[in-house]
Amino acid sequence: MGIAHINWFKYSSPQAFYPLAGRMMPWFAAAALGLIGVGLYLGFFVAPTDFQQGDAYRIIFVHVPAAWMSMFLYVIMAAWAGLGLGLQARPSFMMAQAIAPTGALFTFLALLTGAMWGKPTWGAWWVWDARLTSELILLFQYIGIILLRASMDDLRRADRASAVLALVGVVNVPIIYFSVRWWNTLHQGASVSMTASPKMAATMVTAMLVMMLGFWMYSCAVTLARMRCIIVERERPPSWGKQAATQDVAEARECSGGV
Amino acid sequence: MQWGSLTEFFAMGGYGLYVWTSFGATALCMVGEVLAVWRRHVAAVAESRDGA
């Protein structure tokens, strides 16, 4: 069957998406395991020791992928939130809800591994530099979005309020990205860019990119898994209940503020 | 490969503490997240069976 014959709109309903997500998850998880395994091998056994930073530079293989994921996931979360607001689509809000914790986790890891790298190379765990500060703000944004949602009992209001907060906060992402250029920062510039040739050895770049792909696959797998949790928590399809009637579902939807 | 021995590998040229804390924390967080989502799913399905 060709891709054109699949009715994609079918999967925009949570009930249809639930099994699809379940089927996709193991593939993403397997790809994540494989890529991270290869990335670690390349990072520790193939990439050479850096002539300036010694082996401390190897932190790059988790630090840069985590930092990139923290920004990518924020943009994707904000896009789903925006789509939810524009189309009044509950599943879009649920996707945004599913992404937030993973984004927060990677932001935390970017900051932590950054401190681990800063201490031996700069002599300080933390400096109030533009890059570090804007990334810390990103962590607060994720936490704010999660807490704002958790603080509201009315799911419909929670969806909309957290979506607006996510959308407004997206301005911070370009600030983080360009901070090393706009301000005179202690943090080094981009290691890899689309326009210039990489400043690192090819094996180092390869290891870093493989790790990043692995983190992407991990994020897809864990977000789909969380999406499934959210679908069960919010939708409670009748077939999962012992003797659930259509009325129960209608009631549950009314309580959850769903359309 | 640049490591002469296992000790050398763990020492990471004197940066072992920083390198292994970074990788260890990352691994711990990712495994922890997977377990948390798994438990959340089990709890959600159980509740939807009981509560529906």
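Me: What pattern does chain A follow, read along the sequence?
Reply: In this predicted model, chain A follows α-α-α-α-α-α-α-α. The chain has eight helices and zero strands; helices (H or I, at least four residues) and strands (E, at least two) are DSSP runs, numbered from the N terminus.

Me: How are residues and chains labelled, and what pLDDT do local features need?
Reply: Residues are numbered from 1 along each chain as its sequence is written, while chains are lettered from A and ligands numbered from 1 in the order in which they are written. Local features need pLDDT of at least 70, side-chain atom pairs count only at pLDDT 80 or more, and totals for chains, interfaces and linings use all residues.

Me: How many residues does each chain bring to the contact?
Reply: Chain A brings 34 residues and chain B brings 25; two residues are in contact if their C-beta atoms, placed from the backbone, lie within 7 Å. On the chain A side, H3(A) gives the largest share, nine residues.

Me: Now the core. Which residues touch the most other members of the largest one?
Reply: They are Ile59(A), Met77(A), Ala96(A) and Met211(A), in a core of 68 residues. A nonpolar core is a set of buried Ala, Val, Leu, Ile, Met, Phe, Trp, Tyr and Cys residues joined through C-beta atoms within 7 Å. Buried means that 20 or more other C-beta atoms lie within 10 Å of a residue's own.

Me: Which helix gives the most to this core?
Reply: H7(A) does, with 17 residues.

Me: And what is Ile59(A) in contact with?
Reply: Leaving aside neighbours within four places in sequence, its contacts include Trp117(A) and Tyr18(B).

Definitions and conventions
Buried ≥ 20, exposed ≤ 12 C-beta atoms within 10 Å, placed from the backbone.
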